[in-house]
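I opened a new notebook page for this protein. My plan is to go from the whole chain down to single residues.

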Amino acid sequence: MSSTSGSLSSAAEKIVRDSAAESADAPLIVALAPIFSDNYVYLLRDAATGQVGVVDPGDAAPVSAALNVLGWRPDWIILTHHHPDHIAGVDALREETGAKVVGAAQDAHRLPALDATVAPGDAWSLGETRFDVIDAPGHTVGQIAWAAPKARAVFTGDSLFALGCGRLFEGTPAQMWETLLALRALDDATRVYCGHEYTLSNARFCLTIEPDNAALQERAAQIEAAREAGAPTIPTTIGEEKATNSFLRADEPSVQAAVDLTGADAAAVFAEIRRRKDNA
């Protein structure tokens with residue numbers, strides 16, 4: 001990664017451009033803009049057409065400042081779910097820039113006014129970058145994730161986190177487990193851009209479930225070092241999560257044994273892991 005710093009308003013003190021997200025056949029430039037204490041807003045640019053998207057702008061001022069530093073003007077605001085820390089900046093950013101807003105039809109009643117709606121299974125494009133819309137209930141019942149197969153990127157909101165998943169505020173453990181299975185099925189190289197910087201606390205929790213997981217031990221050490229240096233731990237990849245994220249591994253015999261549920265239904269094992277994290 002390379003970072004671009006500038007004089008940003010509000011909480012966005014640093015922009016990080018993830019050039020590894022770009023590919024020869026479908027270049028997608030992704031920049032991370034931190035807001036609040038631990039949220040990420042993602043700024044996307046389709047290199048083929050120059051179209052720009054903003055994912056989940058919870059606060060307009062730092063996002064606008066980040067866009068100005070990059071020299072980008074948004075064409076679209078792309079939403080994953082209705083929580084205020086993901087949508088509170090939408091109306092101000094739309095008024096300032098004229099950007100259109102796209103989100104889930106099933107959640108339109110509690111999202112800002114939408115110029116376009118999508119449903120799970122739909123395809124939607126930012127310029128020449130195609131996104132597949134994935135149903136992602138659990139954290140909320142109307143949440144979606146946005147996967148760009150050729151760019152090998154997925155924007156998961158608060159469904160899948162690095163080494164974690166969202167709390168079940170509205171959905172059931174079974175719904176969230178199905179969401180995680182759908183995301184786990186993406187290509188291992190898919191880069192995961194989630195809504196929050198929770199990775200350090202998630203790593204410490206996963207080590208309580210899988211203390212002997214060598215890949216997790218190594219990754220936890222890397223995360224500790226990154227956070228001490230003030231660097232983001234996002235993006236992760238689907239492959240990394242499959243190897244180290246205990247929430248994604250509820251059907252692994254070793255994980256089932258760790259929570260005294262050997263042979264149990266994976267959704268029940270997931271529910272126990274989620275309960276432990278909620279009470280940690």
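This is a predicted model: local features need pLDDT of at least 70, side-chain atom pairs count only at pLDDT 80 or more; totals for chains, interfaces and linings use all residues.

**Entry 1: Confidence**

The protein averages a pLDDT of 93. I found that 92% of the residues score at least 70. Strand E6 (residues 76-78) has the highest confidence, at 99. Strand E1 (residues 2-4) has the lowest, at a mean of 36. Over residues 1-12, pLDDT stays under 50. The model has 34 contacts beyond four places in sequence for this stretch.

**Entry 2: The whole chain**

I looked up the secondary structure and found nine helices and 16 strands. Next I took the size. The C-alpha atoms fill a box of roughly 55 × 40 × 35 Å along the principal axes. Does the radius of gyration agree or disagree with that of a compact globule? It agrees: a compact globule of 280 residues would have a value near 19 Å, and the protein has 18 Å. I also looked up burial, and buried residues make up 53% of the 280. Then I turned to contacts between residues at least 6 apart in sequence. Of these, 59% join residues at least 24 apart.

**Entry 3: Helix H5**

I picked helix H5, residues 199-209. Which of its residues are buried? They are Thr199, Asn202, Ala203, Phe205, Cys206 and Ile209. These residues lie on the same side of H5, because they cover an arc of only 165° around the axis. I then looked for what covers them. The cover includes strands E13 (160-161) and E14 (164-165). Helices H6 (214-228), H7 (238-244), H8 (253-258) and H9 (266-278) are also part of it.

**Entry 4: Gln256**

I moved to helix H8, where Gln256 is found. Is Gln256 buried or exposed? Its relative accessible area is 8%, so Gln256 counts as buried. I listed its contacts, leaving out residues up to four places away in sequence. Gln256 touches Ala250, Asp251, Leu261, Thr262, Gly263, Ala264 and Val269.

**Entry 5: Salt bridges**

I searched the whole structure and found 15 salt bridges. I looked at several of them.

Asp107 pairs with Arg110, with the closest N and O atoms 2.7 Å apart. Asp107 is buried, at 2% relative accessibility. Arg110 is partly exposed, at 26%.

Asp251 pairs with Arg184, with the closest N and O atoms 2.8 Å apart. This pair links distant parts of the chain, 67 residues apart. Asp251 sits in the loop between H7 and H8, and Arg184 in helix H4 (residues 173-184). Asp251 is partly exposed, with a relative accessible area of 33%. Arg184 is partly exposed too, with 22%.

Arg227 and Glu197 meet in a salt bridge at 3.9 Å, N to O. Arg227 lies in helix H6 and Glu197 in the loop between strand E15 (191-194) and H5, so the pair ties together parts 30 residues apart in sequence. Arg227 is partly exposed, at 32% relative accessibility. Glu197 is buried, at 12%.

Definitions and conventions. Residues are numbered from 1 along each chain as its sequence is written. Side-chain values use heavy atoms; hydrogens and water are left out. Buried means under 20% relative accessible area, exposed over 50%, partly exposed in between (1.4 Å probe, protein chains only). Helices (H or I, at least four residues) and strands (E, at least two) are DSSP runs, numbered from the N terminus. The arc is that of the directions from the helix axis to the C-beta atoms. Contact means heavy atoms within 4.5 Å. A salt bridge is a side-chain nitrogen of Lys or Arg within 4 Å of a carboxyl oxygen of Asp or Glu. pLDDT is the predictor's confidence in each residue, from 0 to 100. The radius of gyration is taken over C-alpha atoms; the globule rule is 2.2 Å times the number of residues to the power 0.38.
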